[in-house]
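Welcome! Have the sequence and the 3D view open side by side, and let us walk through this structure together, one topic at a time.

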2 protein chains.
Amino acid sequence: MSLPHNSNFIKCSTCSLKGFCLPMMLSHSDIDRLDNIIQRNKLLEKGTKVYSIGDKFTHIYAIRSGYLKSYSISDSGEEQITGFHLPGEIVGLEGINTGSHVGFSETLVPSHLCAIPYDKLDNLNSKIDGLRQQLFKIMSQEITHNHELMLMLNQKNADEKIATFLLSLSVRESLGKGLTTQFVLPMTRTDIANYLGLALETVSRIIGKLIKQDVISVDHRQVTINKVNILSELAGTSCHFVDPNQHN
Amino acid sequence: MSLPHNSNFIKCSTCSLKGFCLPMMLSHSDIDRLDNIIQRNKLLEKGTKVYSIGDKFTHIYAIRSGYLKSYSISDSGEEQITGFHLPGEIVGLEGINTGSHVGFSETLVPSHLCAIPYDKLDNLNSKIDGLRQQLFKIMSQEITHNHELMLMLNQKNADEKIATFLLSLSVRESLGKGLTTQFVLPMTRTDIANYLGLALETVSRIIGKLIKQDVISVDHRQVTINKVNILSELAGTSCHFVDPNQHN
DNA sequence: TCAAATGTTTGATCTAGGTTAAACTTTGAT
DNA sequence: ATCAAAGTTTAACCTAGATCAAACATTTGA
C-alpha cells in the first residue's frame, strides 16, 4: 500500500516553473533524477514557519506557489526582513555554511513548497553538471541581488525605495516576461518598512502619495501600476521593461 | 625551457591560509589537484582592477595577501562599495550568474591573488566533494554576511555602524583567532562612508570622537583598539571575542 | 455578529546626520 | 625638496524622515 510520498503532487517535469527554477538547465532524464529526491508536502497555511533560526539545516525549499518572507534577528532582538520570495525562487541557502539556519522563513499566504534534501542534492551535484551549475548561478544571483539592495538602502531616498520595491516585485511576478501591472502585496506596511529601512508611517505616506498622484491604485492587497514610466523615473532606474514610446 | 606558470610562487599546500580558504576541507592529493589549476601572478600594485563591470567572467580570485574593495555602479552612475576583502577571502563570485562581472574589484594595497579558472574549477567540483561543498559554504557565508549587513544598514545609527565596522575588520584580520587590536585601515573615509551609507564628514566626526574618548587610536592608517568592550557595546553586539572579565 | 486585535492613515513635532564651506594634512609625482 | 592633488577635519546650518500621538479600517475568531 505504500506509494511514493509525492505521488499525488505535481512533478518538476510538468511544473510551469521548471524553466525558472532548479531544473532550468536539465535534460528530461536528469529532471526525473532531481524529481525523485524532492518532497512535496501539503499546502502550508499562512504564517507557517518553513525553518527557524537554530534549526538543523537539512533542506532547501523551492516555492511552487505562495509567498514567503525571510528574516533574521539581531543580538538586541530586532527583526530584520532579508527578503520576500515568490514562486520559482529558492530559500534556505543561508544554512549551508554552518549546517544550521541563521534566520527564519515563513509563509505570508498559503503556499506549496518543494523541499529538497541537501545531502541528496549534493550527491546529485557531483553527477549532474547542469544541476550544480544552476545552483551556483542561483547563489551568485542572490549575491548580486544583495549588492543591488545595498545600493538601494545606502543611496536612495524613501520615495525611490518604495518605487524600486514596487517595480522589483512587479518584475519578479511576471517571471521574465517584462512586468505585471497588477499584483498582490501580501506583506504588511510594517514588513515593507522593515525591509527598506524606513518607518512604517513613511511607507504609508509615500504609498498614499503615489495613489493620490494616480501612479498606482491599491484595492485591499491588490496593487495596480497605472503609470509605469513615472514609477520607474521615481525608482531612478532606466527600466528596460518600459516601452519608451508609451508616455503614461 | 617552459616551466609551470606558477613554479616560483607559493602553493596551496604550503600556504598559511589553506585552512581558511578554498582548500579547507581537502586531502593532500586533492589540494594538489586544485593547485594545478590555480594561476599565481606577480604582485598587483595598489589601485589595480582585478575585474570590471562587463568583463567576461572567467576566474574567481582568492586573496593571498593585500586588501581589495568591490563596488558596483547604479544606473545613475553612483558608486556603491559592496565589500572589503582580506587574505583568505574569495572575490568574483557575482559573475557566475550571468557569465559577466556585474561590478568592479580593485586592490587597495599591493596584493597577491590566486586566480582560479572557473571552467576548470567546475570540472573539479564534479570530482572533489570537499571542494564543491566548500565553495557552496563560501557562497552561503556571503549570503549570511549580506543579511547581517542589511541589519546594520537598516537598523544601526552612525556610531553603531562605525563601531561594528571596526570590530568586524578586527575580527576578520585575526583569521578565526579572536580579534586583533591593531590593524590597518587601507580604505579612505570616503570609502568607509560609502560602504556604511553615511556622509564622509560623519565618519570623520565619529572616528574623531572615538579617538578623543580613547576607545581607539589612529596613527596614519594604523588603528589600535584600546577599549574593546566599549567598542562592542557601541556596536550593539555581545561580542564573544571579548573576555567578560576584562573591564577596559 | 460583534468585539478585540491587528494593521493603516494622517498630522505635529523633533533630531540624526546630511550638506555646505573652508582650513588643514598627507601623499605622490616631478 | 616642492607643490599640486587627494584626503581629512571641523563648524554652522538644514532637512528628510523618525517619532509620537490618535483616529480609522480591516481582519479574526468566539
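A residue is called buried when its relative accessible area is under 20%. Keep in mind that this is a predicted model.

- The buried residues of α5(A) are Asp191(A), Ile192(A), Ala193(A), Asn194(A), Tyr195(A) and Leu196(A).
- Because 6 of its 8 residues are buried, α5(A) is largely enclosed by the rest of the structure.
- Directly after α5(A) comes Gly197(A), which has a positive phi of about 70°.

**Around DNA strand C**
- There are 18 residues around DNA strand C, and those that come nearest are Ser204(A), Ala158(B), Ala199(B), Glu201(B) and Thr202(B).
- Of the atoms of DNA strand C that come within 4 Å of the protein, 59% belong to sugar and phosphate.
- For Ala158(B), a backbone N or O atom lies 2.8 Å from a phosphate oxygen of DNA strand C.
- On chain A, a polar backbone atom of Arg189(A) is 2.8 Å from a phosphate oxygen of DNA strand C.
- Two or more residues of the surface near DNA strand C come from each of these elements: α5 (189-196) and α6 (200-212) of chain A, and α6 (200-212) of chain B.
- The element that gives the most to this surface is α6(A), with 4 residues.
- Sorted by class, the surface near DNA strand C holds 7 charged, 7 polar and 4 nonpolar residues.

**Where the two chains meet**
- Chain A gives 46 residues to the contact, and chain B gives 46 residues.
- About 4000 Å² of area is buried between chain B and chain A, and carbon and sulfur atoms give 59% of it.
- Phe136(B), Ile143(B) and Met150(B) supply 17% of the area that chain B buries against chain A, more than any other three residues.

**The nonpolar core**
- In soluble globular proteins, nonpolar side chains tend to be buried together.
- The largest nonpolar core here has 52 residues.
- Which members of this core touch the most other members? They are Leu121(A) and Leu121(B).
- Leaving aside residues up to four places away in sequence, Leu121(B) touches Leu22(B), Leu34(B), Ile37(B), Ile60(B), Ile116(B), Leu131(B) and Leu135(B).

How values were computed:
Residues are numbered from 1 along each chain as its sequence is written. Chains are lettered from A and ligands numbered from 1 in the order in which they are written. This is a predicted model: local features need pLDDT of at least 70, side-chain atom pairs count only at pLDDT 80 or more; totals for chains, interfaces and linings use all residues. Side-chain values use heavy atoms; hydrogens and water are left out. A nonpolar core is a set of buried Ala, Val, Leu, Ile, Met, Phe, Trp, Tyr and Cys residues joined through side-chain atoms within 4.5 Å. Buried means under 20% relative accessible area, exposed over 50%, partly exposed in between (1.4 Å probe, protein chains only). Contact means heavy atoms within 4.5 Å. A residue is near a molecule or strand if one of its heavy atoms lies within 4 Å of it. A polar contact is a pair of N or O atoms within 3.5 Å; within protein, one must be able to donate a hydrogen and the other to accept it, and residues adjacent in sequence count only if both atoms are side-chain atoms. Ala, Val, Leu, Ile, Met, Phe, Trp, Tyr, Cys and Pro count as nonpolar, Asp, Glu, Lys and Arg as charged, and the others, Gly among them, as polar. Buried area is the accessible area (1.4 Å probe) that two parts lose on being put together, summed over both.
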